[in-house]
Amino acid sequence: MSTLRSALLIARKDLLVEARSRELAYTTLFFAVACVLVFSFAFVSEGKAIDGAAAGILWVAVAFSGTLALGRAFERERQSETLRALLLAPAERTAVYLGKLAGLLVLMAAVEIVIVPVIGLLFAAPIGRAPWLLAALLGAGTLGFAGVGTLFAAMLVRAHSRDVLLPVLLYPITVPVIIAGVRGTGAIFAAEPNFDAAVAWLSMLVFFDAVFVTLALWTFAPVMEE
Amino acid sequence: MRVANRLVPLLLVVAALMYLRAPFMIHAAPLESVMGVVQKIFYFHVPSAMMTFLAAFVCGIASATYLWNRNKFADHVAVSAAELAVVFGLIVLVTGPLWARKAWGVWWQWDVRLTMTLVMWMIFVAYLLLRRFGGPGSEILAAAVGVFGTALVPFVYVSVNYWRTIHPNTNVLRTLQPEMAEPFRWAILAFLMFFTALLIVRIRLEASRAVLEEAYALLED
């Protein structure tokens, strides 16, 4: 069986489990909305959000809810030792990584589809100004975040205090994603939008994705060895 | 490694003597025309920053070696270098704001070099946290963090550089007047010797710890 086909099967399995329980989708989504709400109290004064707050809050919500989803997705595999079964399956390790990543990307995309209109509504952010560019920024940023996150969440399954170690490791390493995402989105949302800057940030995100997903594919097999 | 161990006392003595002479050389160096005496911190700040990034680089290479070859020695080097990165990084992060308060009027600026140093420092603190609290097998996981941390340097640099920068850039070093360059080079050399000695001692400690741990494991079986 080809790597890609195995990966698709693993992603399908994850999404099927998720579709039946909807645990991750509901909790992550609600958590993201709660994040937006908490941040709105910090960045809204006299009924108006400060400049650039919408872009920042959007990405913080994505990062926080993404961490939650990553942790839970692998906790589920740990509870009944199914991760070991998955690793023992006659599929390449890279297929396991890609399948998990694909499942998480679908989940995070679902959360973002809800979160973006909420931000537009609450902060009067012009989300319709350059929808494709915004979608590309979110897509590339999410791929970078989840690409690193899937590797780290997978390897932390066997570690102690994994719940707190995941954000501790993940946030410093995804700093470029957050900077590029926030600045790129901010350039679109600004009163005088600068689409060239947004495209420049997008290209940096794509470059980050290429390097770090490759690196994660490369390190996944040695890291998951017992 | 045995030769390296013999070198340690020599390195330490030479480094100590160099550190003793350094203040006199720094005192003799001319005052910077704009910043005055505040600029003198540069002779310790910049070499510490160089050692931080050297340590990060060593940790990255050693982590990659351990990850793909499972060479125990590489793991000892990686953890020792990571600790030194945190120590020298702390010196940088303390001396930097002391200078910035006088030169820029603020303790901290979200500038490219500052942000990058902070992020790198945080990654190596996270590396040590993982090793400390991750439980058995965490050295392999830490190796992955070391590899990712080192690969990240250019990205943080480019992203923050594009975002904002006010830090004096590296061109300063090439255009340094000779009276300032001499104590600066002296300081770098002293730091480098001290760094090497610490690294060797720490690797030796780590190796002994590993042997001891193995002995305990055998005793329990």
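How much accessible surface does chain A have, and what share of that surface belongs to carbon and sulfur atoms?

1. The accessible surface of chain A comes to about 10300 Å², and 68% of this belongs to carbon and sulfur atoms; areas come from the Shrake-Rupley method with a 1.4 Å probe, and for residues only the protein chains shown count as cover.

2. This is a predicted model, in which local features need pLDDT of at least 70 and side-chain atom pairs count only at pLDDT 80 or more, while totals for chains, interfaces and linings use all residues. Residues are numbered from 1 along each chain as its sequence is written, chains are lettered from A and ligands numbered from 1 in the order in which they are written, and side-chain values use heavy atoms, with hydrogens and water left out.

3. Chain A contains nine helices and two strands, arranged along the sequence as α-α-β-β-α-α-α-α-α-α-α; helices (H or I, at least four residues) and strands (E, at least two) are DSSP runs, numbered from the N terminus.

4. The C-alpha trace of chain A spans about 55 × 30 × 30 Å along its principal axes.

5. In chain A, 49% of the 226 residues count as buried (under 20% relative accessible area, with exposed over 50% and partly exposed in between; 1.4 Å probe, protein chains only). A:Cys35, in helix H2 (residues 23-43), is buried because its relative accessibility is 8%, and, leaving aside neighbours within four places in sequence, A:Cys35 is in contact (heavy atoms within 4.5 Å) with A:Ala61 and A:Phe64.

6. Over all chains there are 18 aromatic pairs, meaning rings of Phe, Tyr and Trp (its six-membered ring) with centres within 6.5 Å, where planes under 30 degrees apart count as stacked, over 60 as edge-to-face and the rest as tilted. The rings of A:Phe39 and A:Phe43 are stacked, because their centres lie 6.2 Å apart and their planes are at 5°; both residues are in helix H2 of chain A, four residues apart.

7. A:Trp218 and B:Trp68 form a tilted pair, 5.1 Å centre to centre with 45° between the planes, and this pair crosses from helix H9 (residues 195-224) of chain A to helix H2 (residues 42-69) of chain B. A:Trp218 is exposed at 55% relative accessibility, whereas B:Trp68 is partly exposed at 35%.
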